[in-house]
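This report looks at one protein chain, part by part. Please keep the sequence and the structure in view while reading.

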Amino acid sequence: MQIQYIKNINMMNDALLKALFRSSEARCMIASFLSSITGISKEALIDAEYVGGEIPKMRLYEKGKTSDIIVIVDKNSRIIVEINQYKTDNLFEKNTEYAFSNILELTRINQTIYPKVILISLDKMNEFKTKNPILNFKIRDEENHVENELYTSIHLILENIVNCKYNISEEVKKFAELL
């Protein structure tokens with residue numbers, strides 16, 4: 001009698017998700033997912049460059065920063081994807097620092113078109129204690145005026161996407177169920 005062992009694969013594993021995002025075979029699925037979240041065209045995301053997340057240091061004494069995935073859409077647009085299985089010290093502050101570092105790297109003297117960086121956090125935990133599946137953060141004032149579009153942070157609360165009653169695109173639902 002042959003015994004078969006079935007193991008569950010942790011799809012939130014950093015290495016596995018990085019490989020999935022950078023895989024040419026999964027590019028269409030990843031582009032559809034990112035497009036439905038960001039509003040960037042699927043075609044632009046298919047043609048984008050998906051790289052590891054080493055962020056250049058601006059100062060010699062600066063601590064190294066590495067994000068999970070950086071999607072270089074064009075010379076002024078990037079998407080940073082962070083996989084968050086657990087809440088750790090300063091997790092969201094570090095992720096925001098990655099986004100701001102990318103904005104600084106893309107900013108040039110006398111430019112008329114400013115960079116846009118979107119940070120997407122795939123959150124396995126529900127740190128914000130919300131029932132909403134998707135949270136959008138922007139720089140805004142107390143009256144909800146958005147100051148600029150340089151930075152957007154989108155949190156996907158995976159448990160809320162899979163178990164929600166909200167109207168969410170099929171691409172996002174399928175991707176959340178995969179994870």
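## A β-α-β unit

What kind of unit do strand 3, helix 4 and strand 4 make? They make a β-α-β unit, and the unit is right-handed. The model is a predicted one.

Strand 3 covers residues 77–84, and eight of its eight residues are buried. The cover is on both faces. Strand 4 takes in residues 116–123 and runs parallel to strand 3, with eight bridges joining the two. At one point along strand 4, Leu122 stands opposite Ile83.

## Helix 4

Helix 4 consists of 16 residues. From the first C-alpha to the last it reaches 23 Å, which is close to the 22 Å expected at 1.5 Å a residue. Its buried residues are Leu91, Phe92, Asn95, Tyr98, Ala99, Ser101, Asn102, Ile103 and Leu106.

## The nonpolar cores

How many residues does the largest nonpolar core have? The number is 34, and the residues with the most contacts inside this core are Phe21, Leu34 and Leu122. Several elements supply at least two residues each: helix 1 (14–22), helix 2 (27–38), strand 2 (65–74), strand 3, strand 4, strand 6, helix 5 (158–162) and helix 6 (170–178). Helix 2 gives the largest share, five residues. Another core lies apart from this one; it has 10 residues, and Ile70, Tyr98, Ala99 and Tyr151 are among them.

Neighbours within four places in sequence are left aside here. The residues in contact with Leu122 are then Met12, Leu17, Phe33, Val81, Glu82, Ile83, Asn84, Leu156, Phe175 and Leu179.

## Aromatic pairs

A search of the whole structure gives five aromatic pairs. One of them joins Phe100 and Tyr151 in an edge-to-face arrangement, with 5.0 Å centre to centre and 65° between the planes. Phe100 belongs to helix 4 (residues 91–106) and Tyr151 to strand 6 (residues 151–157), so this pair ties together parts that are 51 residues apart in sequence.

Are the two partners buried or partly exposed? Phe100 counts as partly exposed because its relative accessibility is 36%. Tyr151 counts as buried because its relative accessibility is 8%, and the cut-off for buried is under 20%. A further pair, Phe128 with Phe137, is tilted, at 5.4 Å centre to centre and 40° between the planes. Phe128 is partly exposed at 33% relative accessibility, and Phe137 is partly exposed at 33% as well. Elsewhere, ring pairs link Phe21, Phe33 and Phe175 into a cluster.

## Val51 and its surroundings

Val51 is in strand 1, which spans residues 49–55. Which residues does Val51 touch, not counting those up to four places away in sequence? They are Arg22, Asp68, Ile69, Ile70 and Ile72.

The position of Val51 can also be given relative to strand 3. Val51 and Ile80 are 29 residues apart in sequence, and their C-alpha atoms are 9.9 Å apart in space.

Asn76 is found in the loop between strand 2 and strand 3. Is Asn76 buried or exposed? Its relative accessibility is 15%, so Asn76 counts as buried. Not counting residues up to four places away in sequence, Asn76 touches Leu106, Ile113, Tyr114, Pro115 and Lys116.

Asn90 is in the loop between strand 3 and helix 4. Asn90 is not a glycine, yet its phi is positive, at about 60°. With a relative accessible area of 46%, Asn90 is partly exposed. Asn144 lies in the loop between strand 5 (134–138) and strand 6. The phi of Asn144 is positive too, at about 75°, although this residue is not a glycine. The relative accessible area of Asn144 is 49%, so Asn144 is partly exposed.

Methods
Residues numbered from 1 in each chain as written. Predicted model: local features only at pLDDT ≥ 70, side-chain atom pairs only at ≥ 80, totals over all residues. Heavy atoms only, no water. Phe/Tyr/Trp six-rings, centres within 6.5 Å; stacked < 30°, edge-to-face > 60°. Helix = DSSP H or I, 4+ residues; strand = E, 2+ residues; numbered from the N terminus. Buried < 20%, exposed > 50% of the residue type's maximum accessible area, 1.4 Å probe, protein only. Pairing = 2+ DSSP bridges. Right-handed = clockwise from strand over helix to strand, strands pointing away. Core = buried A, V, L, I, M, F, W, Y, C linked by side-chain atoms within 4.5 Å. Contact = heavy atoms within 4.5 Å. Expected span 1.5 Å × (residues − 1).
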